[in-house]
Amino acid sequence: MSEQAVTFTRKDYQTDQEVRWCPGCGDYSILAAVQLLFAEQGIQPENTVFVSGIGCAARFPYYMETYGIHSIHGRAPAVATGVKLARPELDVWVIGGDGDMLSIGGNHLIHALRRNVGLKIVMFNNQIYGLTKGQYSPTSEQGKITKSSPFGSIDQPFNPVSLALGAEATFIARAHDMDRKLMMDVLRRAHEHEGAAFVEIYQNCNVFNDGAFEGLTAKDVRADMLIDLKHGEPIRFGAEGEKGVALNEFGECVIVDVAEVGVDRLLVHDEHRYDPTLAFAISRLAEHPGMPTPVGVFRDVARPVYEVQSQQQLALASERDGAGDLAKLIASGSTWTVN
Amino acid sequence: MTPDSTSLKPEPLKQVVIRFAGDSGDGMQLTGDRFTDVSAAFGNDLQTLPNYPAEIRAPAGTVNGVSSFQVQISDHDILTPGDLPTVLVAMNPAALKANIGELAPGGTLLVNADAFEERNLEKAGYQASPLEDGSLSAFRVIQVPMTSMTLEATRELGVKPRDAERSKNFFALGLLSWLYTRPVEPTIAWIEKQFAKRELVLGANLAAFKAGYNFGDTAELWEHPYEIAPASLAPGTYRQITGNLATAYGFVAAGYLSKLPVTYASYPITPASDVLHELSKHKNFGVRTLQCEDEISAAGVAIGAAFAGHLAVTGTSGPGVDLKSEAMGLAVMVELPMVVLDVQRGGPSTGLPTKTEQADLMLAMYGRHGEAPMPIVAAATPSDCFDAAIEASRIALKYRTPVLLLTDGYLANGAEPWLLPDVESLPEISVEFQTEPNHGDDYWPYLRDPETLARPWALPGTPGLMHRVGGIEKQDGTGNVNYDPVNHETMMHLRQAKVAGIAADIAPVEVDDPDGAELLVLGWGSTWGVAQQAVRQARAAGHKVAHAHLRHLNPFPANLGEVLARYPKVLVPEMNLGQLSRLVRAEYLVDAKSLTKVQGLPFRASEIENAILEMI
Ligand code: SF4
């Protein structure tokens, strides 16, 4: 990159295509957060590739003035892996919804995460199928009435953060579309991370699942229903920080009254803890109705990066065997000559 | 112990077809491979036909567990592994049962007599020993107690009898090496190298091999050994090659010729996995291989790598092609170069994973939703897979299109001598990336080359050319999402015309017709050798027959219609239920007759010859 300071604005990342999400859709605020982050970080548009699958969220690449591929349903992590493996120097982002990434594309997601391919994977979770007009998704709560579940969904939903932890993703974070600063903070961290980064963003689909996260993200409940995870600090929440998270004798997270148990009993959040067990316990907090949901960075650890190792093997092979010689290759093994 | 140590003068033979058959644990593929390698290096022409069960270890001693390896070696140019073996080596009753029906009348049957005991006979489903009930009277039966002689030969070495017994395939190899006057030094050297780390196994195999050879020399079972002189092949350097190896080399070569790094994304599947194994070794050529989580991922990875500027290949067999079809449609839509290798096997569904078939032609032609034309290239022989892989890559890169490369299980595992090409004489594949705006100050990703209709290829990292591609219909030129009905029709025709236009850029179909025949045999893919053999046999019997073979199945060569119109009779032999014949009937309104075979095995020349004679 040149030394010359080039300043970017949000406009530099906007395309000439009309943004076609429903008015009021949470996708708009995520797009704004990404574009503002890019401007803030001065990210080179030509060195960036956005890859998506199918769904409302998957239209994202059309609105980013970068390189982009709007691929097929569920396959974005695979396509993006091809880009990153071929050209590790590129900044490769994957955008998709909960249906795209956890249902039809669940396999590709977990494998991209376990391989630790340097992709920034952003999953917009609206707990519904939007583009196909309102069927229950793999993150919809049980009992949800939708067009395809008139008697209520009987599917157990995925907790995406728990799933990513199970796949041993090296960076995992959660944010929501009502908090731009939080989105920008976790996306910035994801961008800085070496290896696969998984970011779940709670996103309101105001047409088919309006208010799905209102109980968490509305200004007046946030303090009690969202837990801001901060590395190195005891996990506490509530307007005055009066509530906290501690471990019970089974290693499960429980909510405690700080005044009652004292700060020392609180669990201190450690993003860099390599073992994902504690992060998993934290991710389970939101599983119980009425319980608060942690947001922020769950895990940020270092593990060898896939495309880097692939490059190393190429370099090693060239060092060991010399540059490839086609004539020599095809004549390898036993040959004989006819005169 | 050298070939000329024998006191008997070998009798010259023009060719021999030998089939080694045994239990899948008996090492028959290895035995066949060694015999072939030595014969190749000796200068014979040859073709092989390995045939093995899908199970890694099918129940020992049963007919289902029989593995065989057929090789024809000759002192002249040959095209097939031979119709019927003239020599059958049967290591147990099941191998005899599975193969005896194909031994040529008067042929030699060499059996491991030790294996014909009650339990084995029962497992193979024999009531009485065929060696004693007179059922083999049409053959020359030679019984050799191979197991006990192997045990005897290895007794001094301290090998456990169970382990020593495993060396009996080397006894068979030794015996056959004597019988056909094969040089022994290369096999000895091979054993020494191969088993260098396992001293006891090395010793046992070596002892068994020598015992087999010496047994031939002293036992007087034959009046003399045979000799097959080297064939007079075109001058040059040769090696033995299988289709899968040639395919892998072809992709390495295509990368070299196009100066592009190769990405090969694949999921393990029989019989294509060897291409992945081979390519994963050649990282010093800049070849990246990725063993993906599934077939769909492999196709997705290839598309991503193509977008990023690589020569992208995904390899599989039929079931994998089914899974990749949506991704191929995307590649058609985003007009990026990609090669999809289909090593065809017996279908449908899991079908016959280790057997050959050509039944994916219609799948290659039409197996995607919507109108999604893809060029198709098919290899004719094991070594031709090299050229076919280069040709498929050339078309993909030049026309920015996914291309299907069809080989099959027979080509994949079959071997033949390969006259090594001069690397300098291989066709150059020139690829130009877009580096500047092409429409005023803008970059239009679908502004086509007026001649090829290919769209420009601008790589991420290039300033000013940022663009988005995707599976939604797009406006010609700008590439913007577009739902206009007339634009969609325009794009459908453009994609079709781009593929159809390749006809002007491929070699016209050549017709081999020295006598002005009325009957044309039209083949494709791996039937080339056997069809040519059948045509030669028919000609030798005094008939006029023409032969043409298709390497390009989509588009067809520009002159194919005119060629077909010249012949009142057209015969299309193929290992499916008549797919090419239907295509040419539909395209050219010719009354093409179909000759089909779907047994998981290649045609025999005699089968095609008979069909020719019936039609004349
Ligand atoms: S359907 Fe829902 S998710 Fe899709 S654009 Fe409309 S509001 Fe957004």
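First, the ground rules. This is a predicted model, where local features need pLDDT of at least 70, side-chain atom pairs count only at pLDDT 80 or more, and totals for chains, interfaces and linings use all residues. Residues are numbered from 1 along each chain as its sequence is written, chains are lettered from A and ligands numbered from 1 in the order in which they are written, and side-chain values use heavy atoms, with hydrogens and water left out.

Start at the ligand. Which residues are around the ligand? Among them are A:Trp21, A:Cys22, A:Cys25, A:Cys56 and A:Asn126. The list also includes A:Gln203, A:Cys205 and A:Phe208. Here, near means that one heavy atom of the residue lies within 4 Å. The shell holds seven nonpolar residues, four polar and no charged. Nonpolar is Ala, Val, Leu, Ile, Met, Phe, Trp, Tyr, Cys and Pro; charged is Asp, Glu, Lys and Arg; the others, Gly among them, are polar.

Now the interface. The size of an interface is often given as the accessible area lost when the parts come together. Chain A and chain B bury about 5,100 Å² between them, and carbon and sulfur atoms give 64% of that. Buried area uses a 1.4 Å probe and is summed over both parts. In chain A, the residues that lose the most area to chain B are A:Tyr67, A:Ile330 and A:Trp336, together 18% of what that side buries. Chain A brings 58 residues to the contact and chain B brings 64. Contact means heavy atoms within 4.5 Å.

What about charges? The rule finds two salt bridges across this interface. A salt bridge needs a side-chain nitrogen of Lys or Arg within 4 Å of a carboxyl oxygen of Asp or Glu. In one of them, B:Arg468 meets A:Glu65 at 3.2 Å, N to O.

Strands cross over too. E2(A) pairs with strand E17 of chain B, residues 468-470, in the parallel sense over three bridges. Strands are DSSP runs of at least two residues, numbered from the N terminus. Two strands pair if DSSP finds at least two bridges between them. A:Ile69 stands opposite B:Val469.

A:Val245 has A:Ile255 as its bridge partner.

Key. Buried area is the accessible area (1.4 Å probe) that two parts lose on being put together, summed over both. Helices (H or I, at least four residues) and strands (E, at least two) are DSSP runs, numbered from the N terminus.
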